[in-house]
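Please keep the sequence and the model in view while reading.

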Amino acid sequence: MLKLLLKKQLLEIFQVYFYDAKKNKARSKISTVMHFVLFILLVFGLLGGGFTFLSTKLCASLVAVGLDWLYFALMGMIAVLLGAFGSVFNTYAGLYLPKDNDLLLSMPIPVSVLVAARLAGVYLMGLLYAIVVILPAIIVYWIIAGVTLPAVLGGLLMTLLISVFVLTISCVIGWLVAKISQKLKHKSLVTVIISLVVIGAYYFIYFKAQSLIQNLLTNAAIYGAQIKGTAYPVYLFGSVGLGDVRAAIIVSAALVVLFGMMWVLLSNSFLQIATSTGKVARREYRETHSRQRSIDIALLSREFSRFTASPNYMLNCGLGTFLMSLCAIAVLWKGGDLFAVLDAMFVESADSVPLLLCVVLCGLASMNFMTAPSVSLEGKSLWLLQSLPVEPWSIFQAKIRMQLLLTGLPLLLCIMCTAAVYPLHLLQLLLIFLFAGSYVLLMALVGLLLGIKMPTLTWTNEIMPIKQGAPVVLTLFGGFGYMVLLFVGFMLLPGWILGFCGYMSCFVGTNLFLSVWVYLWLRKKGVARFSTL
């Protein structure tokens with residue numbers, strides 16, 4: 001039974017490589033092989049190559065001063081963090097919320113066997129991410145310090161211990177998420193906030209990594225002594241990679257105890273969490289009067305409800321709203337210094353800084369493309385929307401208005417904050433407002449046009465229309481390409497001859513012309529095409 005469950009878990013993990021959900025059929029053998037080759041190149045080639053470079057930079061310097069254990073401790077902790085980060089997001093769903101949960105629980109399968117099979121899937125995901133870091137680190141150490149029997153055994157044991165530690169951490173966090181999610185009311189919003197915090201922390205660490213590594217290598221001896229004195233478990237952890245028998249025994253025993261505690265925790269709480277329906281609040285019925293709303297407001301509320309109910313929709317299609325709000329704060333905080341640097345850089349090119357402001361702000365606005373996947377997200381339930389006693393154009397208006405509100409308001413805030421910090425002439429400020437407004441309108445209309453012409457209504461996972469659909473790709477990269485054209489046309493082509501006001505007036509006119517053309521297409525051909533989808 002365990003063997004069959006393990007096979008099922010592996011097929012679920014790699015299902016996308018064997019089955020094309022968009023076409024609803026199995027992939028060919030050549031397609032499957034190519035998908036695995038691409039996966040290996042991306043994970044082990046690109047990601048593994050980056051950690052190989054990091055290992056090379058750290059290893060030679062730390063080994064030269066006799067801090068081999070610190071090298072293994074650092075790379076080991078990075079492997080643990082990446083492994084936990086890579087597997088923790090699907091640990092809760094993989095352990096407690098698979099689609100076949102009710103079916104398997106209704107069978108005469110021991111809970112311990114079911115938990116063990118699902119833990120195997122979590123273990124493989126964590127191991128995959130962890131070895132991308134620790135395997136290059138071990139090989140680089142063998143090349144620089146030499147291959148010895150203790151080093152080989154220590155490296156292999158450290159890889160095993162890291163994988164078990166990653167599994168333990170992932171399961172504990174998954175258990176905590178399961179407990180908390182039973183009491184949450186606004187799960188989508190919490191998911192978005194946590195995701196944004198994680199993304200922000202990632203980029204903060206990424207941009208600070210170079211200075212942190214340089215500081216570490218410069219003061220390696222000092223940090224090594226401090227860690228060995230105050231964080232002795234970290235010293236033992238790093239010593240395992242060197243083949244230290246005493247450290248290996250202590251660390252292995254500690255992990256066995258932690259894993260055992262985690263197993264007991266999951267075994268005792270698995271059924272209660274997997275079969276729970278969440279916290280249901282008891283409410284006393286009270287008669288209330290429902291206020292009648294207009295068709296436009298009702299449809300707009302429906303679009304906002306769909307948007308806020310999906311973390312994937314918000315994160316992938318509405319990230320610009322968050323970034324523009326963040327940009328407004330950053331401009332008020334550090335905008336003066338930044339604009340002084342830009343003025344010095346473009347001192348010979350008049351009006352370059354206002355143009356650059358338009359490029360950056362509208363580039364952020366290009367990351368909002370809610371209308372592009374909005375039709376596809378209706379999926380097989382599109383007929384419900386078509387059966388409503390409303391005109392298709394009213395449905396289009398609701399989708400367009402949602403994007404205009406979520407994009408136009410934060411963009412307006414950015415422009416006002418910029419005007420408060422940077423001295424713009426009245427005509428320049430007016431043209432920035434006109435260009436930004438016409439550009440936001442054009443992007444919303446074009447996204448809806450592409451969504452109607454190239455819908456994907458047979459999806460099995462909403463990620464498909466949100467991230468892989470042609471309307472989304474064309475809208476996103478088309479917007480970025482438009483911003484590149486705006487910048488290059490002014491800086492390299494004869495656009496600067498017209499001056500900022502003349503040049504931007506041409507683009508405002510272009511935006512309005514294209515918006516009118518797309519608007520007319522949607523009112524006539526778009527409405528007719530929507531009715532036949």
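Q: Is Asp-296 buried, partly exposed or exposed?
A: This is a predicted model, and its values are computed. Asp-296 has a relative accessibility of 31%. Buried means under 20% and exposed means over 50%, so Asp-296 counts as partly exposed.

Q: Which parts of the chain does the salt bridge of Asp-296 and Arg-401 tie together, and how many residues apart are they in sequence?
A: The side chains of Asp-296 and Arg-401 meet in a salt bridge, at 3.7 Å from N to O. Asp-296 lies in helix H12 (residues 295–308) and Arg-401 in helix H18, so the pair ties together parts whose separation in sequence is 105 residues.

Q: Is Arg-401 buried, partly exposed or exposed?
A: The relative accessible area of Arg-401 is 32%.

Q: Which residues are linked with Lys-399 in a network of salt bridges?
A: The side chains of Lys-399 and Glu-303 meet in a salt bridge of 3.0 Å, N to O. Lys-399 also forms a salt bridge with Glu-378, where the closest N and O atoms are 3.3 Å apart. This second pair links helix H18 to the loop between helix H16 (371–374) and helix H17 (382–386). The network links Lys-399 with Arg-302, Glu-303 and Glu-378.

Q: Why does Lys-399 count as buried, and what is its relative accessibility?
A: A residue is buried if its relative accessible area is under 20%. Lys-399 therefore counts as buried, with a relative accessibility of 1%.

Q: How many salt bridges does a search of the whole structure find?
A: One of them joins Asp-296 and Arg-401, and another joins Glu-303 and Lys-399. The search of the whole structure finds 5.

Q: With which side chain does the side chain of Asn-511 make a polar contact?
A: Asn-511 is found in helix H22 and is buried, with a relative accessible area of 0%. Leaving out residues up to four places away in sequence, Asn-511 touches Phe-435, Ser-438, Tyr-439, Leu-442 and Tyr-482. The polar contact, at 3.1 Å, is with the side chain of Ser-438.

Q: What is the area of the nonpolar surface patch that includes Ile-139?
A: Ile-139 is found in helix H6 (residues 111–145) and counts as partly exposed, at 39% relative accessibility. Leu-135, Ile-139, Ile-143 and Ile-144 make the patch, and its area is about 370 Å².

Q: What percentage of the residues of the protein count as buried?
A: The secondary structure comes to 22 helices and 2 strands. The accessible surface is about 29,000 Å², of which 71% belongs to carbon and sulfur atoms. Of the 533 residues, the share that counts as buried is 42%.

Conventions. Residues are numbered from 1 along each chain as its sequence is written. This is a predicted model: local features need pLDDT of at least 70, side-chain atom pairs count only at pLDDT 80 or more; totals for chains, interfaces and linings use all residues. Side-chain values use heavy atoms; hydrogens and water are left out. Patches are made of residues with over 30% relative accessible area and no salt bridge: like charges are joined within 9 Å, nonpolar side chains (Val, Leu, Ile, Met, Phe, Trp, Tyr) within 5 Å. Accessible areas come from the Shrake-Rupley method with a 1.4 Å probe; for residues, only the protein chains shown count as cover. A salt bridge is a side-chain nitrogen of Lys or Arg within 4 Å of a carboxyl oxygen of Asp or Glu. Helices (H or I, at least four residues) and strands (E, at least two) are DSSP runs, numbered from the N terminus. Buried means under 20% relative accessible area, exposed over 50%, partly exposed in between (1.4 Å probe, protein chains only). A polar contact is a pair of N or O atoms within 3.5 Å; within protein, one must be able to donate a hydrogen and the other to accept it, and residues adjacent in sequence count only if both atoms are side-chain atoms. Contact means heavy atoms within 4.5 Å.
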